[in-house]
Amino acid sequence: MASAIIPPRRSIATSSPPGMPPPPPHFLPMQPVAPLDLGLLRDLPSLELRARFMMNGFLAGLHRSPLKGFSVEFAEYRDYQLGDDLRRVDWRLYGRTDRLHVKQFEHETQLRVFLVLDTSASMAYTSKPEMWLRKIDFARTLLAALGLLALRQGDAFGLALIGTDLDDYLKPKSSQAHWRSALGRLDAMQSGNVTGLATGLTTLAEIIPSRSLVIIVSDFYENNDALNAALRRLRFDHQDIMALQILDPVEIELGEDWNGTFLDAETGQKLILDAAAVRPGYRKRIEAFLEQTATSFLDHGGDHTLLRTDASPMAALGNYLARRDRLL
């Protein structure tokens, strides 16, 4: 008897499999994005290498450096990285050390960004570990890359890990050392337990400064009323909200003809299921679930982007820059 693990409580995400209508416009990437070798991304041995690989691929697809801002005070040096403006290289230091270093400055305009990761048990799922990353690994790679992008933009970023509540929190800063500290937290965290995303977001709302950008990465298997209450609390302090919903292809399409026992990753509940028989109804419920989740964020002035673990996540980096430009 075949078995598989499916996320908890409800039907799951949607895309555009053959014969189905395309998703609503707000699910589509905001701009064209560069391709990414997901097989190589999966095989890289560390979170730092995966994040840098993702960032370098993103920067290679841009026609200009995304760095903006007006530098007013020198802060520190860091190693040169692909995509940096060569005008910021300290050539005298290069002459002494034979290594390229870039000057970093404090910026007049600095955005506070909070990177929020759902660490509940459903995020540990992947239908094909030999082909693509688990949702949690895809998510933390994306957040590490977003932290690196924020650093290059001169933005201060913090990190929040949410399991049953706010389990870990890193105050926002803008430095290479801070990014490495965030990498360590992301690398060390473990997924598990029943989701407490709404509870954790409400706790986070009590401690972060107003008028920040809050980027939430999750599969959003959360009670919608509870989620809406948490989003209202964030908007009360004028936080700007950006949702990155990460789902496995099987969650989106239920494309595998599996027959057998399906196990809820968070509650342990078992369900005997013929995937082919339930697929049509499943896909309808998936579309409704995604529409509901996206509407929750749009109703609170936020953005929503659906990301598949078998597709390039570059749209999320582009959406971050677009959101940032609107806020500054």
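In which helix is W91 found? W91 is found in helix α3, which covers residues 91-97.

## Basis of the model

This is a predicted model, in which local features need pLDDT of at least 70 and side-chain atom pairs count only at pLDDT 80 or more, while totals for chains, interfaces and linings use all residues. Residues are numbered from 1 along each chain as its sequence is written, and side-chain values use heavy atoms, with hydrogens and water left out.

## Overall composition

The chain has 10 helices and 11 strands. These are DSSP runs numbered from the N terminus (helices: H or I, at least four residues; strands: E, at least two). Of the 328 residues, 53% are buried; buried means under 20% relative accessible area, exposed over 50%, and partly exposed in between, with a 1.4 Å probe and protein chains only.

Contact means heavy atoms within 4.5 Å. Among contacts between residues at least 6 apart in sequence, 77% join residues at least 24 apart.

## The nonpolar cores

In soluble globular proteins, nonpolar side chains tend to be buried together. A nonpolar core is a set of buried Ala, Val, Leu, Ile, Met, Phe, Trp, Tyr and Cys residues joined through side-chain atoms within 4.5 Å. The largest one here has 48 residues, and those with the most contacts inside it include L117, L142 and L146. Helix α4 (residues 135-153) gives the most to this core, with 12 residues.

Beyond its neighbours within four places in sequence, L146 is in contact with L115, I215, L244, A316, L317 and Y320. A second, separate core of 21 residues includes I162, L166, I208 and L234.

## An enclosed strand

Strand β11 (residues 303-308) is largely enclosed by the rest of the structure, because 6 of its 6 residues are buried. D303, T305 and L307 point one way from β11, whereas H304, L306 and R308 point the other way.

Strand β8 (residues 240-247) pairs with β11 in the parallel sense over 6 bridges; two strands pair if DSSP finds at least two bridges between them. L247 stands opposite R308 in β11.

## Around Y80 and W91

Y80 lies in the loop between β2 (71-79) and α3. Y80 has a relative accessible area of 27% and is therefore partly exposed. Not counting residues up to four places away in sequence, Y80 touches L86, V89, L100, H101 and V102. The C-alpha atoms of Y80 and V102 are separated by 5.5 Å, although the two residues are 22 apart along the chain.

W91 is also partly exposed, because its relative accessibility is 48%.
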